[in-house]
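Please look through the sequence and the structure shown here, and keep both in view while reading the paragraphs that follow.

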Amino acid sequence: MRLRWFGVGCLGVALSLGAVAPAFAQPANETPAEKHRRELREKLGVKASPKAPETSPSDSAPESGSPDAAGEAAATGTTTAGASSAPLPNFVDDVRPVLKKKCASCHASGKPGGMSKLVFGGDARREYELTMRFVHRANAAQSPLLQKASASGPHMGGKVLAVGSGGYAAIVRWIRAGAKFGPEAVPVRAPVAGSSRPATTRPKRADATSSVPSVAPTDAAEGAPSEPSPGAEASPSTPASPPAVPPYYVAFVPRVHDALMKACASCHSTTGFAAKSKYLTDADPGKHFSSARALVAPGSAESSTLYIRAHGEGHPAGAVWAKGSAELALLAQWINEGAHDVAAPVVASAGTGEPPAAGAVDAVSRASVAPAGAETGASDQGANPHAGISLGTHPFVGALTLNGRFDLNYERRDYNDNPFAGSANHVLRSYHHFLFLTRESADDPIHITLEMLTLQFWEVGARLSPGAWPVRVSAKFGKVLVPFGSEPLFHHSYGGLAGFDQRVLPPVFAREGIKFNAEGKLGEVALSADLYAIAGYGLKAADGVLNLQSDFAPLEDTRLGFGARLGGSWGALSGWYSLYYNRLGYDRALVLQALDFAVWRPHGVPVFEDFSLELGALRADVSGGGPGLDYYHFATYFQVRYYPLAWLYLQYRQGIFTFNNRRGLIVDESDLTNLDSSSHNVGIVARYRGFSVGLFQFWNFERADEIPNDFTRLMVAYDF
């Protein structure tokens, strides 16, 4: 018995010496884990508390392990007793001065780093948003911001911050404390003496309605599950320090913005297949946030149109992200936590004086702060049919993405009414074989779009407006998509036939020229305006009849055309007015106008939420040349789609087309030919992960000189 008590006494002396000795010198028997902890304290300028027992060792990373009470207060800005509040490290006071001193000389407009994703320009809030793209709250040392600055990762500027420097340590403290923007105080109640736990229990977040299952609490520095320190249970009189957890909500910038850009931008951009929908992605995070937020019911993902469409319900392209994927769960958590634009700190509860359990992050939170390139869920190609193929980021070139559309069509043609008539012909055709190379970044103002296989169009553009402007202004030049009508690419439906079937405007209305675009919001209404100048049309003879599909003037004899398009959307409603003017030669001129409207599945409206509706009309007036030579073309379309399932829709489209009308309101009854006609078609389309299969029947009715031009089409297509 005496030997046992003697051994216990020796063990107590050894533990006491072990707690005091590190304050004076390195022990001879220091373990690698203890050495890591001691070096971390030295770098941060934190002295070990002689009263606090050592916690369980960890040597997983430089900032691993749980600091003692004094180290905790230094790293997080909180206090354990005696004080009601303490300032937390913040971007404005602690980090921005370091970055401005070390990085702004290169990462500024007109400097070598001015084309990168981190540019300093005087706006602290904007600089904070850009910096947050390079921060991993769950693991400070793995943040690209620190890896690049210390040359631990790829950085063309080399090392600008040594790992042991004060600036490096300041950024570490800031990230571990929650990476806040500005100064604030977080009150913390002192723990009850004699208790091994804080005086209060953690309250739930007031708005935590997420149905995503949560996981065990994690350590703020590494995201690893927290474990109680052996020493804590052995010394019940030692108060436990409040855990160093980053109090923050999941924010739109940067992770939600990046995820939506990667998954949705190929269709939901101003030149994409879904350009006329209410939701438009934008390389500018602020503009993108405004568009996404309009489709969100903060606090309830299940009631939010954006979330409903993302998992495939009512979305023509099917599920953007598979159910159970980290990306879909991230979107749900962002919405459930209030749909904030940038990191919004969780204020301490007034009732307890303790921050909510931000450390008890769920799998979604960890996905939102995962290192760049980490696998966070289902593969993009598997979960999203339009994510494209990322070609990586390259110096002076930027981030490149490859998208495409390919189809194969079996057709039964050249008959009237009966597709099984003996005179009908079999045809196998491909109308879409396109590869689009895109360079677009959330922060880089330069963007490029190129159709690679046939060079149908190519555009080089730049954002002209500063990020703080409420209106986004951009310019593009090249063989540009002419902003006329609701969908410039492939889908002009005037005359009742769309894509490569329609007979009015070119199937791909692209011409050499320049165009400018401005976008903004007026309350709940999104507005856009386009101005452009292109190489336009030219008449081949003074009495010639203009063909809007092919009578463009040659480039060496260019006749400039000028145009504008005004658009607006509110809720599920969208509308456009398009105007184009072109001198044709022979003292004649063209005025081309169009009106287009769309209603896209109004969510929450019984019956109508399963339908989309589109209609429009075009009139092309040619004037001059003398009495009797004025004329106009006229075309309309009406289309309705019904979506009984998220991956299936039924379609009906019809329209009329009249050509060379010299008198009469719509149709010149005295000059009817087979060019004056109406078209009707019905179809059914199923889509799955980028694949589409459709069956269509087309009837074309000429007003005079009926010709056998009805056809049936079976279409198989793939988009990525």
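**A buried helix, the cysteines and a loop glycine**

In helix α12, the residues Ala-326, Glu-327, Leu-328, Ala-329, Leu-330, Leu-331, Ala-332, Gln-333, Trp-334, Ile-335 and Asn-336 are buried, where buried means under 20% relative accessible area, exposed means over 50%, and partly exposed lies in between (1.4 Å probe, protein chains only). Helices (H or I, at least four residues) and strands (E, at least two) are DSSP runs, numbered from the N terminus. Because eleven of the eleven residues of α12 (residues 326-336) are buried, this helix is largely enclosed by the rest of the structure. After α12 comes Gly-338, which has a positive phi, near 115°.

This is a predicted model, in which local features need pLDDT of at least 70 and side-chain atom pairs count only at pLDDT 80 or more, while totals for chains, interfaces and linings use all residues. Residues are numbered from 1 along each chain as its sequence is written, and side-chain values use heavy atoms, with hydrogens and water left out.

Turning to the cysteines, the structure holds zero disulfides, a disulfide being a pair of cysteine sulfur atoms within 2.5 Å. For Cys-106, the closest cysteine sulfur belongs to Cys-103 and lies 8.7 Å away, which is too far for a bond. Cys-106 is partly exposed, at 28% relative accessible area, whereas Cys-264 counts as buried, at 9%.

Gly-544 sits in the loop between β9 (525-535) and β10 (560-570), and it is buried, with a relative accessible area of 17%. Leaving aside neighbours within four places in sequence, Gly-544 is in contact (heavy atoms within 4.5 Å) with Leu-539, Arg-588 and Tyr-631. The C-alpha atoms of Gly-544 and Leu-629 are 9.3 Å apart, although 85 residues separate the two along the chain.
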